[in-house]
Amino acid sequence: MKPEPVQPFPHLSPADLIHRLGAGRPLFLVDVLPREHFAAVHLPNAGNACIFEVTFLDQVRAITDDPAAEIVLYGAGAATLDALTAAEKLDRAGYRNLAILLGGLEAWCGAGQSLAGEEGAASGDPGTMLALADGRYRIDPQRSTVEWAGRNVNSRHHGFVGISRGEIAVSDGTITGSCELDMTSIRNVDLDGSEWQPVLHAHLNSDDFFFTSLFPRARFSILGSSMVAEPFVTVPNYQLHGILELRGVKAEQSFWATVARTADGTLVAEAHFDLDRTRWNVNYGSARFFEHLGMHAVFEPISIQLRIVAA
C-alpha cells in the first residue's frame with residue numbers, strides 16, 4: 001500500500017481548533033468564501049478574505065500583514081480546494097504559520113459548533129450542480145451571440161452572425177426549442193478597415209457559400225437533450241440533439257453545451273463545436289469535390305462559438 005501523501009500544511013480537526021482557541025493562543029481565523037456567504041454564515045470571530053477575488057492577498061493583509069502570524073484558514077467542506085488554494089497563495093506571499101480547518105465549515109457544523117452570521121446556520125445551495133426549472137425561455141438576440149471561424153492553409157477569418165429569434169423549453173430536465181439565424185447579417189471581424197472585408201462579405205453571401213439572397217435564414221431545432229450524470233455548472237453538462245437547416249438543407253447536428261442559470265433565473269448556454277459545412281452543400285474550396293484549387297482551398301470545418309441567453 002502506498003503511503004498517504006504528506007500534506008503541505010497542518011490540518012486541524014474542529015476539536016483541535018476549539019482547543020487552540022480555548023488556550024488563548026493568538027491566531028487569525030480566516031473564512032475564504034465569498035463575502036455574501038460569509039455575511040450569511042461563518043465561524044465566530046472569523047475574518048473574511050475571498051479566495052476567488054484578485055484582491056485576496058490584500059484582504060488577508062488587512063487582517064494581518066505579519067508573516068509570522070498564526071493563520072487558520074477554512075472553506076466550505078472536505079471536497080473543495082478553497083482553503084488549500086488560499087494557503088498556497090499565502091505561502092508564496094511569505095506567510096509561514098498556516099493551518100487549514102479539516103472539513104471546513106461543513107465539519108464545524110457536523111461537530112455541533114456554533115456559527116455566526118445573518119442566518120446562523122450552514123444552509124443553501126452550494127451552486128455546484130445544475131438545476132433547471134421547467135418552463136419556456138425566450139432567447140434574447142441582443143445578449144446572445146454566434147461567432148464563427150473559417151480557415152485555409154494560409155489564413156484564418158472570424159466573425160459573427162445575428163440571431164433573429166428563438167425559444168427554449170425545459171420539461172423534466174429535457175431541453176427542446178429552436179433558434180433562427182439571420183444569415184444576411186454574417187460579418188467578418190478580423191479584416192475591419194481592410195479593402196478585402198467587403199470582398200469577403202460578398203463571397204460569404206454568394207452562392208459559393210451561404211447563398212443568402214435565396215436562403216436568408218438558418219434554423220436549429222433542438223429535438224432532445226441528454227444531461228450528464230453529474231451536471232457541474234462549469235463543465236459541458238448537456239448534449240443537445242437537433243436538426244440544422246442551412247442553405248435549404250436539413251441535417252442532424254449534435255453538440256455539447258455548458259448550461260447554467262443566473263441568480264434571476266435566466267438560462268445561459270455556451271457551446272463550442274465544428275460544423276462540416278459540406279453536409280449543407282457549402283462546398284466551395286473543398287478538396288473532396290474540386291481539384292487544382294491552389295490558393296482557393298478552404299478547410300471544411302467551420303468552428304462555432306455559441307452563447308445563448310434566454311429568460
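Colleague: How many residues apart are Asp58 and Arg61 in helix α3?

Modeller: Before anything else, please keep in mind that this is a predicted model. Asp58 and Arg61 are three residues apart in helix α3, residues 56-63, so about one helical turn separates them. They form a salt bridge, in which the closest N and O atoms are 3.3 Å apart.

Colleague: How many salt bridges turn up in the whole structure?

Modeller: A search of the whole structure finds 12. One of them joins Arg217 and Asp182, whose side chains meet at 3.0 Å, N to O. Since Arg217 lies in strand β10 and Asp182 in strand β9, residues 174-188, this pair ties together parts that are 35 residues apart in sequence.

Colleague: What about Arg138, which residue does it pair with?

Modeller: Arg138 forms a salt bridge with Glu167, and the closest N and O atoms there are 4.0 Å apart. This pair links distant parts of the chain, with Arg138 in strand β6 (residues 135-138) and Glu167 in strand β8 (residues 156-171), 29 residues apart. Arg138 is exposed, with a relative accessible area of 57%, whereas Glu167 is partly exposed at 24%.

Colleague: Changing topic, how many aromatic pairs are there?

Modeller: The count comes to five aromatic pairs. In one of them, the ring centres of Phe209 and Phe210 are 6.2 Å apart and the planes stand at 40°, so that pair is tilted. Phe209 also pairs with Tyr284, again tilted, at 5.2 Å centre to centre and 45° between the planes.

Colleague: Last one: how much space is in the second largest pocket, and which residues are closest to its centre?

Modeller: The second largest pocket holds about 640 Å³ of space. Its lining has 21 residues, and the closest to the centre are Leu33, His37, Ala76, Thr80 and Pro126. That lining divides into 11 nonpolar, seven polar and three charged residues, and α4 (82-92) and α5 (104-110) each supply at least two residues of it.

How values were computed:
Residues are numbered from 1 along each chain as its sequence is written. This is a predicted model: local features need pLDDT of at least 70, side-chain atom pairs count only at pLDDT 80 or more; totals for chains, interfaces and linings use all residues. Side-chain values use heavy atoms; hydrogens and water are left out. Rings of Phe, Tyr and Trp (its six-membered ring) pair if their centres lie within 6.5 Å; planes under 30 degrees apart count as stacked, over 60 as edge-to-face and the rest as tilted. On a 1 Å grid over the protein atoms alone, a cavity is a set of points where a 1.4 Å probe fits but cannot get out, and a pocket is an open set with protein on both sides within 12 Å along at least five of seven lines; lining residues have an atom within 4 Å of a point. Grid points are joined across faces, edges and corners, and a volume is the space filled by probe spheres set on the points. Helices (H or I, at least four residues) and strands (E, at least two) are DSSP runs, numbered from the N terminus. Ala, Val, Leu, Ile, Met, Phe, Trp, Tyr, Cys and Pro count as nonpolar, Asp, Glu, Lys and Arg as charged, and the others, Gly among them, as polar. Buried means under 20% relative accessible area, exposed over 50%, partly exposed in between (1.4 Å probe, protein chains only).
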